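Reader: I've just opened this one and could use a guide. Can we go through it bit by bit?

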Amino acid sequence: MSKYPFKMKATISTAVLSVSTTLSFISSYFFDLTLNNAEQYLAVSCVVLLDGLFGIMAGIKREGFKTYKALKILRTLFIWWLILTVTLSVEVGFQGTSWMSETFIIPFILFQLISALKNASLVGLIDIHLLNIILDKIDRHKGVRVEDTKKAATKKVVKKKTKAKK
């Protein structure tokens, strides 16, 4: 018998062991990264799922259940987990970058919470006047609400049309 089948068998097993060792190392790195920052992953998950739940409830009330819109929740969750993972791996890899996860994730969490509040008001769980008070306290630098801006814009358009007719 020839020695070639034995050599081929050893090469295949070496390749399989090399690939599995590399994948195990990468998996253990991300597992450790996730466990050390479980609170951040949990916060992102809770905020996305809360907004998604209220969004589904508002969608059912408005137009019925849409599967593709419900699946957007999972897409959003996966994308923000990916962004958080990349940000945290950069923080671990380079000293002095510990501010990155807070800088990228906190605005996302705030916008998702505002979206959840708006969706909850569309469902009827939060009074619209209470929502306006909350949003006014968050957005103090803006003087006019969206509804007021739309009314003002339509008045200007109406005035321009009447002048054009004369």
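Reader: In which hand does H2 pass H4?

Author: A quick note on the ground rules: this is a predicted model, where local features need pLDDT of at least 70, side-chain atom pairs count only at pLDDT 80 or more, and totals for chains, interfaces and linings use all residues. Residues are numbered from 1 along each chain as its sequence is written, and side-chain values use heavy atoms, with hydrogens and water left out. Helices here are DSSP runs of H or I with at least four residues, strands are E runs of at least two, and both are numbered from the N terminus. A crossing is left-handed if the near helix is turned anticlockwise from the far one by less than a right angle, and right-handed if clockwise; for H2 and H4, the crossing is left-handed.

Reader: And are H2 and H4 roughly parallel or roughly antiparallel?

Author: Axes are lines fitted to C-alpha atoms, for helices over the stretch in contact, and angles run from 0 to 180 degrees between N-to-C directions. The axes of helix H2 (residues 38-62) and H4 come within 8 Å and cross at roughly 25°. Angles under 35 degrees count as roughly parallel, over 145 as roughly antiparallel, 65 to 115 as roughly perpendicular and the rest as oblique. So H2 and H4 are roughly parallel.

Reader: What about H3 and H4, roughly parallel or roughly antiparallel?

Author: Here the axes come within 9 Å, and they cross at roughly 160°. That angle therefore makes H3, relative to H4, roughly antiparallel.

Reader: Which residues of H4 make the contact with H3?

Author: Contact means heavy atoms within 4.5 Å. On the H3 side, the residues are Trp80, Leu84, Thr87, Leu88, Val90 and Glu91. Facing them from H4 are Met100, Ser101, Glu102, Phe104, Ile105 and Phe108.

Reader: Is Asn119 buried or exposed?

Author: Asn119 lies in helix H4, which covers residues 100-123. Buried means under 20% relative accessible area, exposed over 50%, and partly exposed in between (1.4 Å probe, protein chains only). Asn119 has a relative accessible area of 16%, so it is buried.

Reader: Which side chain is joined to that of Asn119 by a polar contact?

Author: A polar contact is a pair of N or O atoms within 3.5 Å; within protein, one must be able to donate a hydrogen and the other to accept it, and residues adjacent in sequence count only if both atoms are side-chain atoms. Leaving aside neighbours within four places in sequence, Asn119 is in contact with residues including Phe54, Gly55 and Ala58. The polar contact, at 2.8 Å, is with Asp51.

Reader: How far is the side chain of Thr97 from the backbone oxygen of Phe94?

Author: Thr97 sits in the loop between helix H3 (67-93) and H4, and counts as buried because its relative accessibility is 14%. The Thr97 side chain reaches the backbone oxygen of Val90 at 3.4 Å. For the backbone oxygen of Phe94, the distance to a polar atom of that side chain is 2.7 Å.

Reader: How far apart in space are Thr85 and Thr34, C-alpha to C-alpha?

Author: Thr85 is found in helix H3, and at 17% relative accessible area it is buried. Not counting residues up to four places away in sequence, Thr85 touches Phe30, Leu33 and Tyr41. Thr85 and Thr34 are 51 residues apart in sequence, while the C-alpha to C-alpha distance is 7.7 Å.
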